[in-house]
Structure formats: C-alpha cells, structure tokens
Amino acid sequence: MNTSRPLCILFAAVLLHLRLVPTAALLDPTTIAVVLDDVAAPPPPLNSGGFDDSDYIRSSCKTTLYPDTCYHSLNHYATAIQQDPGRLARVAVGVSLAKVKRMSALLSNLARDADYGAQPRAVAALHDCFSVLGDAVDQIRDSLSQMRKLGGTGESLRYQMNNVQTWMSAALTNEDTCTDGFEDVSDDEPFKSDVCDRAGKVKEVTSNALALVNSFANNI
C-alpha cells in the first residue's frame with residue numbers, strides 16, 4: 001500500500017509550521033553577533049540632520065531591485081549595522097542565507113514524503129529545486145564566511161570581494177533554476193504557485209544582498 005501523503009496535504013502542514021516562525025527571527029541577536037563577528041562593535045557615526053539607522057537602511061536599499069523587500073528584511077538589524085556599508089552587505093548575505101535554508105527545509109520535507117508515482121513531474125521539479133537550492137546554500141555560506149574575514153587593502157581586498165560577488169551571483173542563478181523547473185508542472189497542482197511564490201521571495205532577498213555586496217565592492 002502506498003503510504004505517501006498527497007503533496008497538497010503535506011505542503012499545507014509544512015507551510016503552517018514555517019509560518020509560526022516570524023520573519024524577524026531569521027537572524028536572532030546571537031546569530032547577528034556571529035554574522036558580524038564582533039567582539040566590540042565600533043560606536044555608531046554621529047547622525048546629521050536626523051539621518052538615523054533606519055534612514056540609512058532605506059537609502060541604501062534604493063540601489064536594489066526590490067527596495068521594499070530590502071528595507072523590511074534589514075531594518076530589524078539597523079542598530080547592529082550602524083550605517084556601515086560592509087556590515088550592511090554582510091547582514092544582507094546572512095539574511096539571504098537564512099531565507100534560502102528555510103526554503104530548502106520546506107522542499108526537503110515535501111520531496112522526502114511525496115508520491116513519485118502519482119505526481120512524477122511535480123516531484124521531479126521539487127527534487128531538482130531542492131538540489132539547486134542546496135548549491136545556493138553552500139555558495140551563500142561561502143560568501144558569508146568570506147565577508148566575515150575580509151582583510152587587506154587594494155587588489156587583495158578586491159579579489160576577496162570578487163569571490164563573494166561570484167558566489168552570490170551563482171546562488172541567484174541557482175534560485176532562478178529552481179523556479180524554472182516548475183514550468184512543465186500543471187497549474188492545477190495546488191502547491192505549485194505557493195512554492196514558486198516563496199522561491200520568488202527568496203530570489204528577491206538574494207538579489208538585494210548581491211546588489212549591496214556590489215555597492216560595497218565598487219566603493220573599495
């Protein structure tokens with residue numbers, strides 16, 4: 001007897017669990033300390049004309065493709081970022097990593113328990129998406145690791161940032177590949193639009209992180 005649960009039921013159960021985790025909890029204070037690798041954070045710069053930490057986030061996010069997503073995903077960490085472009089880029093990469101790992105966990109649960117016989121195209125798309133998101137996780141993790149140990153000046157620093165730019169760009173390509181795999185899946189599959197919508201939000205966050213990384217790198 002086939003004991004696999006229908007994907008629509010399984011997706012609803014996993015989605016309910018994930019919705020219990022607030023977006024602001026993606027990076028808790030302890031995780032932020034690890035991301036920023038601080039022992040003693042430098043004092044924040046003096047504000048001029050009332051330009052505070054949130055204003056800095058909003059202004060910086062205007063350089064991204066999805067400024068609203070950028071602001072709402074990073075403003076929670078404005079105090080920790082302290083109007084520093086390097087810290088901003090690093091936190092953005094950390095938020096991107098948390099997002100893609102959360103999406104990967106969703107797909108892992110769906111693909112593990114899905115009925116391959118009844119829904120072959122849908123399950124194949126889930127499996128492929130999970131695989132490429134796993135690559136994206138590795139690439140964004142490598143980017144965060146590099147951002148945490150940046151050092152040197154001139155060509156050396158530019159070389160390190162080039163690595164980050166390459167990995168983040170590759171991660172974004174993998175996230176695009178994830179949703180591309182669902183093009184042959186029938187729109188009647190109840191989970192298709194939800195998975196693709198969620199993957200789309202992940203892509204927005206990664207795209208924004210890449211833009212902030214590029215902005216920081218261009219001003220070295």
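What follows is a conversation about how terms are applied to this predicted model.

Visitor: What are the ground rules for the values?

Guide: This is a predicted model in which local features need pLDDT of at least 70 and side-chain atom pairs count only at pLDDT 80 or more, while totals for chains, interfaces and linings use all residues. Residues are numbered from 1 along each chain as its sequence is written, and side-chain values use heavy atoms, with hydrogens and water left out.

Visitor: What makes up the secondary structure of the protein?

Guide: The protein has nine helices and zero strands, where helices (H or I, at least four residues) and strands (E, at least two) are DSSP runs numbered from the N terminus.

Visitor: Why is α6 called roughly antiparallel to α7?

Guide: Helix α6 (residues 85-113) and helix α7 (residues 120-148) pack at an angle of about 155 degrees, with their axes 9 Å apart; axes are lines fitted to C-alpha atoms, for helices over the stretch in contact, and angles run from 0 to 180 degrees between N-to-C directions. Angles under 35 degrees count as roughly parallel, over 145 as roughly antiparallel, 65 to 115 as roughly perpendicular and the rest as oblique, and the pair is therefore roughly antiparallel.

Visitor: Which classes of residue form the contact of α6 with α7?

Guide: That contact divides into 17 nonpolar, six polar and four charged residues, with Ala, Val, Leu, Ile, Met, Phe, Trp, Tyr, Cys and Pro counted as nonpolar, Asp, Glu, Lys and Arg as charged, and the others, Gly among them, as polar.

Visitor: What makes α6 roughly antiparallel to α9?

Guide: The angle between α6 and α9 is about 160 degrees, and their axes are 9 Å apart, so α6 is roughly antiparallel to α9. Their contact has 19 nonpolar, three polar and two charged residues.

Visitor: What joins the side chains of Gln165 and Asn214?

Guide: Gln165 lies in helix α8 (residues 154-180), and a polar contact of 2.8 Å joins its side chain to that of Asn214. A polar contact is a pair of N or O atoms within 3.5 Å; within protein, one must be able to donate a hydrogen and the other to accept it, and residues adjacent in sequence count only if both atoms are side-chain atoms.
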